[in-house]
Amino acid sequence: MDPNNAKSPQPLPEKTASGRTIYHFRPHAYLNLLGLQRLVPEEGDSQVELVITPDLMNPNGSAHGGSIFSLVDTAMSGALRQHVVAPEFGATVESKINYLKAVRVNDTLLCTASVIQRTARLAVLEAEVHNQHGELVTKAMATFAIIDRKSTRLNSSHGYISYAV
C-alpha cells in the first residue's frame, strides 16, 4: 500500500444521531459491530445508546433479545468501571433481564446503568432501557465479580482466563 495514498482515519462523531455526547473510551470491535455508542452519562453511572437496524431483528419482527442484552451488559460494565480502581475490573457472573415492550427497527434505545451495591469482591448493578418515546422497554439486574488483574492469568493451552474471586 502506498503511504502517500493511504486514507487517514476519520475522527469519530462527537454526538449520536439523537444528539447525545459520545464517550470515547477505547475501540471495541463487538460494540462497533452492533452499533453500540457509549455516552457521557447524563444520569446514572453509565449510558449506552443503540439504534436498532434490520440486522438486529429476529424473524418475528422485533429486536433480537441478544442485541438488547449486549446493550445492557455494556452499560453495566461501564457503570462498574466508575467504581473500581486499576488493576481491578469486573466480569458478569449472573444477570436477569425482563423484556417489557417490543422494540422495532429504527427505534433508538438508551440504557442507563448504575451500581447499587459494591463489596470487595462483588457488585450488584441495575439497568433500564427506554426507547426514543421514553417508554421503558427493558429492566435488568446483574452481579459482577470484582477481579484483581494481578491475580488473573490466561491459560494459553485451553484459551480461558482463570482467577480467584
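Guide: The model is a predicted one. Its largest pocket has a volume of about 440 Å³. The lining comprises 18 residues, and those closest to the pocket centre are Arg26, His28, Ser77, Arg81 and Gly90. Two or more lining residues come from each of α1 (29-34), α2 (65-81) and β3 (88-99). Helix α2 provides the largest share, six residues.

The largest nonpolar core has 30 residues, and Leu71, Met76, Leu80, Leu109 and Leu125 have the most contacts inside it. At least two core residues are supplied by each of α1, β2 (46-51), α2, β4 (108-118), β5 (122-130) and β6. With seven residues, α2 gives the most to this core. In soluble globular proteins, nonpolar side chains tend to be buried together.

Leu109 illustrates these contacts: beyond its sequence neighbours up to four places away, Leu109 touches Val48, Glu49, Leu50, Ile52, Ile68, Leu71, Val103, Val129, His130, Asn131 and Val137.

Thr143 lies in strand β6, which spans residues 136-148. Thr143 counts as buried because its relative accessibility is 18%, under the 20% cut-off. With residues up to four places away in sequence again left out, Thr143 touches Ala91, Thr92, Val93, Glu94, Leu122, Ala123 and Val124.

How values were computed: Residues are numbered from 1 along each chain as its sequence is written. This is a predicted model: local features need pLDDT of at least 70, side-chain atom pairs count only at pLDDT 80 or more; totals for chains, interfaces and linings use all residues. Side-chain values use heavy atoms; hydrogens and water are left out. On a 1 Å grid over the protein atoms alone, a cavity is a set of points where a 1.4 Å probe fits but cannot get out, and a pocket is an open set with protein on both sides within 12 Å along at least five of seven lines; lining residues have an atom within 4 Å of a point. Grid points are joined across faces, edges and corners, and a volume is the space filled by probe spheres set on the points. Helices (H or I, at least four residues) and strands (E, at least two) are DSSP runs, numbered from the N terminus. Buried means under 20% relative accessible area, exposed over 50%, partly exposed in between (1.4 Å probe, protein chains only). Contact means heavy atoms within 4.5 Å. A nonpolar core is a set of buried Ala, Val, Leu, Ile, Met, Phe, Trp, Tyr and Cys residues joined through side-chain atoms within 4.5 Å.
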